Amino acid sequence: MKKLELGKITQLFSRRSGGIRRRLLIWGLTLLGIALIVNTLAGSMYTRRLIKREAAELQTEVASRVAREIEDFIRRKAERLLDFSASATLYELGGKEQRLLALLLLKNDRAFTDVSVLDGKGLEVLKVSERRVYLPGELADQSDSAKFKSAIKGEHYISPVYTSDKAEPYVTISVPLRVTPQEVVGVVSVEANLKILWEVIGEIGFGRAGYAYLVDGRGNLIAHRDPSLVLKRTNLSHLHAVQEFLSNPTSPDPTPAYESQGITGEPVLATFAPVGGLGWAVVLEEPVAAALSELKRMERYALLLLGIGVLIGALIIVWVSNRITRPISELHRGAEVIGHGNLHHRVEIKTGDEIEQLAREFNKMAGELQASHVTLEQKVEQRTSELSALYDVTVSVSESLDINSVLSAALRKVLEVLRFDAGRVHLLDPERKELLLKASQGFAGEAGMQLSVYRIGEGINGKVAESGEALLFEDIETDPRYEQIAYSGLAKQAGYRALASLPIKVKGKVLGTMDLMNLVPRSFLPSEVQLISSVANEIGVAIENSRLYEEAVKKSQQLSALHTIAATVNQSLELDVILRESVDKVCEILAFDAAWIYVADPSGQELHLRAHKGLSDEFVRAIYRRGIGTGSMGRVIESGEPLVYEDIQTDPAYLQVTAGRRAQSFGFRTLYNFPVKSRARIVGVLNLANYFRRRFSPEELELIGSIANEIGVGVENANLFYQTKQKSLELEKTNIELITANQAKADFLAAMSHELRTPLNVIIGNADLMRDGMFGDIGAKQRSALEKILYYSETLLKLINDVLTVTKVEAGKASLNVSTFHVDEIIAHTRGYVEQLNRNGRLKVLWEVEPDLPPMTTDALKIEEILQNLIGNAFKFTPQGSIEVRVRDLKGKNRIEFSVADTGIGIAFKDRDKIFEQFHQLEEAHTGSYGGVGLGLNIVKRYLEMMEGHIKVESQPGKGSTFTFELPYSIQ
C-alpha cells in the first residue's frame, strides 16, 4: 500500500501529470511545509536565543568573578607593600636594615622584581632587584615620576601595564612611607611581574570550550593561556568586546555573549568585565560552534521530523485527491472519446453533487454536438473553399508591384475561382475625377474596351465609386434598376445576365471598381458577396502597395539627388567652385539642357552671372548682368516664389513678364526660375531650361526648390568664410597692437614702481632715524608728525609694491620660490605681523591651529603675504570686535585650509565676486574711512592660482566676513 501511494505521488509530480490532484498535492504540501518550516525555525530561533542568554549569564558571572580575583590579587600586593612600608619607617632611609627588608620582600613574593625607596625629594636612596645589583651611582632622581608624585601625597599608585625587554608584562606599585598618619617622609615602589596571572587566566574554563584573557586600558594583551601571544605584544583593540571595554572602561558589558570575531579569528560569543581600580578587563570567549552544538543536533532532529511530516501529509493528500478527482477523470475520458469522433458516447456518474450535474450537461452537449456535426462539415467545406479562393487571389496580387500585371493576374484568378464569365477593373484618377479602364477579361473582340472612361456618379461604376457601396444585379433583364442606372448598357448588349459591381477600397478610401459578369442569371449569397468584397479589398491593398512602392522609389531618387547636390556644395568654400559644380550636377541629375545662376552683388542693385552650363558664349554675353527690379529675375527676388514656364514660346505669362525674351530667342521652350535662399534671405536665382516642352510634378518642383536652398546654403557659407577670413586678419592685427600696448604699460608700471620705491625708502629711513633721535632731540609734536610720515609712507610703499606685484604677474615674470617648511614657521611670522598691527590692543585676536600638521613644499613667502593681506584687511574693516585665524588639515585630500574671520562691516552679496578684481573697492572704502586701492585681494587670488589653490568668501553686511583658502601640501 505504501509503495502504491508513493508511486502515485511520483506520478503526480511527473511532467505529463497535472490537473486538480497535482494542484491539491502541490498546494497541500506547500502549506504543510510552510507550517512545519515556520515551526522549526521559530523553535530554532527560540532555542538559540535561550542558549545565548544562558551563555551570557554564565560568562558574566565567570568574568566578574575572575575580575574580582585579579583585583584582590593586586590589592594584596599593595597591602604587602604597605606592610613593608610600615616596617621600613622604623629604620634609616636607605640603611642596611631597609635593604634587608627589601631583599626579604623580593624573596617572599616572587611577583616583585625590583624595590625602590625614595626620600621626600624623590631621590632614590635604595634600589634592590632580583635581576641585578644597583650601584650608588645608578640611583636616580624620580621627583618628576608619576609614582612619586602620587605616593608623596599619601595616595597609592598603580601604573599602566608596560613590558620588559623580554616582552613580559609589568606594573609599578608605590605607597607612601609614613612616620605618622599625617607625615610622609618618602615613597616605596616595586615592579610587579604580571606573568603570574598567566596561570590564573589559563586555568579558567567554562561551557564546552570557553577561555579567558586579560587586557589593559589600551587593549594590549596581559595574560592568556597561550603565553606566546602575550610575548608578541598582541593588541586586541580591533575585537568587539575590547572595543566596548575601551569605550566605557568602568561599566559592565552592555551586550554579554555578543557574537563577533574572537582572538583566533573564529566566530565566538564574547563578554568582558572591568577590573576595578586598574583599568583592565577580563574578556571571555566561547566558540559559537561549541556553544551552539546542541542546537545543531536539535535542528537535524527537527529536519528529520519535517521530512516525515511532509511525507505523511503527502499520503493523506493523495488519498483525498483521488476521492475528489475520480469522477472528474471519468469526465475527462468521456471528452477524449468524443474528441476521437465517437459522438454516441455518454458518461455515467452518480456522486449527487455538482460533478454529477456537470456530467448531465456534458451528455447534453455531446448530443447537440452530434446533431450539428453534419451541418458543420458542410460549412467548413464551404468556408475552406472561400478561404482558398481568397488565398489564391492574395498570392496572385502579391507576386508583383507592377500595377498592370497585378490587375490582370488578379482579375483572371477571380474569374477562375469564383466562376464568373467576364470582368473589368477601373481605377480612379483623383485629379480628373474619372474612372479609367485598367484590366479586362472574358470579353470578345473590342467589347471589353468600349466606354473605358466613366465620370464619378455616372453609370453603375460611377455610382459605386461615389457611394463606396456594391451594386448587385442577379438578372439585368428583369431588374428595373439596371435600366435606370446603366449609362451605356454595355453588359446587356454583350449578352450578360448577372452583374456585380464592387468598390475597390483601402482604409475606407475608394481606389476604383471591379465588375464581374455572368452569361446566366445568378444569385448572390451574403457569404459570396463578403468573399467578393474581400477579394476587391485585397486588390486594393495590392494597388496601394504598388503606389507606395512607386512613391518610395521616386522619393529615394529625389533624396539621392538632393544629397548629391548637398555634398557638392559642401566640398569647397570658394564661391565660384561651388556654383560651377552645382550647375554641372543639376544638369546631370535632373536632365536639363542648360542651367545658370545669378548672385546679387554687395550693393544689392544688380545680379551677376557667376556660373553656367549649356549656354553659348553669345547667350552668356547677352545675360551676364541683370537689374534686380526688372524682368522675371526681379519678380522672383521680390516675391521669393519660383516662376515655372512649361512653354515660353506660347505662354502669355512669360511674354508679359519678360521684355528681352532672350531665352525664347535662343530656342528654349521650358524655363524655371527658382530663388536661391539662405536664412530667409534671397542671395541669387537658379535658372533651368530645356529645348523641348517638359512638365514636372509638385514633388519634383519641391525637389528643385530644395536644391536651390542647398545652393543658397553653400553661397552663404562661402560668403561667411570670406568674411571670417577678413575678420581674422583684422583681429590678428589688432591683437598684435594690444599685446604691444599692454607690454608697454607693464614696462612703464614696473619702471615707475621701482623708481618710486627708491626715494620713498630714503624718506622712510630718514624719518625713522629722526624719530629715534639720531639727528638730535625732537619735540612731542615733531614726533607725532614723524609717526604720520612713517605710517603713510609705509602705506604708500605697500601700494607701490602691490602695483609692482600685479605688473609682474600680468607680465608672466612672477615665479614661485619652492621650499619645504613647517606651517608653524609661517604662523610664527604671521603672529609677529599681527602684534605690530594690534599694538594698541584694539581687537581680540584668536588663533586655532591644528597640531602636528605635515610639512609643506611650496612658496612660504607667498603664503605669508596672502595671510598678511587677509589679516590686514580684517583689521582695516573691523572697527571693534575680534579676528580669528584657523588652520586645519583637510583629511584624505592632501590639502590644508587657512581661514581668517572677522566681525567687521561685512560685504554685500553683489560685491563678493568683484572684490577680487583689480582696483575694486567697497563703497565704504570710497568714503575715506578705509585706505587702499583694491589690489590686495587680486594679488591673493593670483598667488593662489599659481600655487594650485583657491579661495572663497562668506559674509553678511554688518556681521563680518570669513575668507577661506586651501592649498596642496606639495605643489606639482
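User: Buried means under 20% relative accessible area, exposed over 50%, and partly exposed in between (1.4 Å probe, protein chains only). What percentage of the protein chain's residues counts as buried?

Analyst: This is a predicted model, in which local features need pLDDT of at least 70, side-chain atom pairs count only at pLDDT 80 or more, and totals for chains, interfaces and linings use all residues. Residues are numbered from 1 along each chain as its sequence is written, and side-chain values use heavy atoms, without hydrogens and water. The protein chain has 972 residues, and the buried share is 41%.

User: How many helices and strands does the protein chain have?

Analyst: Both are DSSP runs, numbered from the N terminus: helices are H or I with at least four residues, strands E with at least two. For the protein chain, the secondary structure comes to 25 helices and 30 strands.

User: Among contacts between residues at least 6 apart in sequence, what percentage joins residues at least 24 apart?

Analyst: A contact means heavy atoms within 4.5 Å. Start from contacts in the protein chain whose partners are at least 6 apart in sequence. The share that joins residues at least 24 apart is 59%.

User: At what angle do α23 and α24 pack?

Analyst: Helix α23 covers residues 823-837, and helix α24 covers residues 860-876. Axes are lines fitted to C-alpha atoms, for helices over the stretch in contact, and angles run from 0 to 180 degrees between N-to-C directions. The two axes lie 10 Å apart, and the angle is about 30°.

User: Which term describes how α23 runs relative to α24?

Analyst: Angles under 35 degrees count as roughly parallel, over 145 as roughly antiparallel, 65 to 115 as roughly perpendicular, and the rest as oblique. α23 and α24 pack at about 30°. Therefore α23 is, relative to α24, roughly parallel.

User: Which residues of α24 meet α23?

Analyst: On the α23 side, the residues are I826, H829, T830, Y833, V834 and L837. Their partners in α24 are A860, I863, E864, L867, Q868, I871, G872 and F875.

User: Are α24 and α25 roughly parallel or roughly antiparallel?

Analyst: Their axes come within 10 Å. They cross at roughly 150°. The two helices are therefore roughly antiparallel.

User: Which residues of α25 make the contact with α24?

Analyst: α24 brings K862, E865, I866, N869, L870 and N873. α25 brings G936, L937, I939, V940, Y943, L944 and M946.

User: Which residues are buried in α25?

Analyst: Helix α25 spans residues 936-946. Its buried residues are G936, L937, N938, I939, V940, Y943 and L944.

User: Which residue just after α25 takes a positive phi?

Analyst: The place to look is just after the helix. The phi there is about 65°. The residue is E948.

User: Is R233 exposed or partly exposed?

Analyst: R233 sits in the loop between α6 (227-231) and α7 (240-247). Its phi is positive, near 55°, though it is a residue other than glycine. With 46% relative accessibility, R233 is partly exposed.

User: What is the relative accessible area of D852?

Analyst: D852 is in the loop between β25 (844-849) and β26 (856-858). It is a residue other than glycine with a positive phi near 55°. D852 counts as exposed, at 78%.

User: How far apart are the C-alpha atoms of A335 and A366?

Analyst: A335 belongs to helix α9, residues 293-339. This residue is partly exposed, at 36% relative accessible area. A335 and A366 are 31 residues apart along the chain, and their C-alpha atoms are separated by 9.0 Å.
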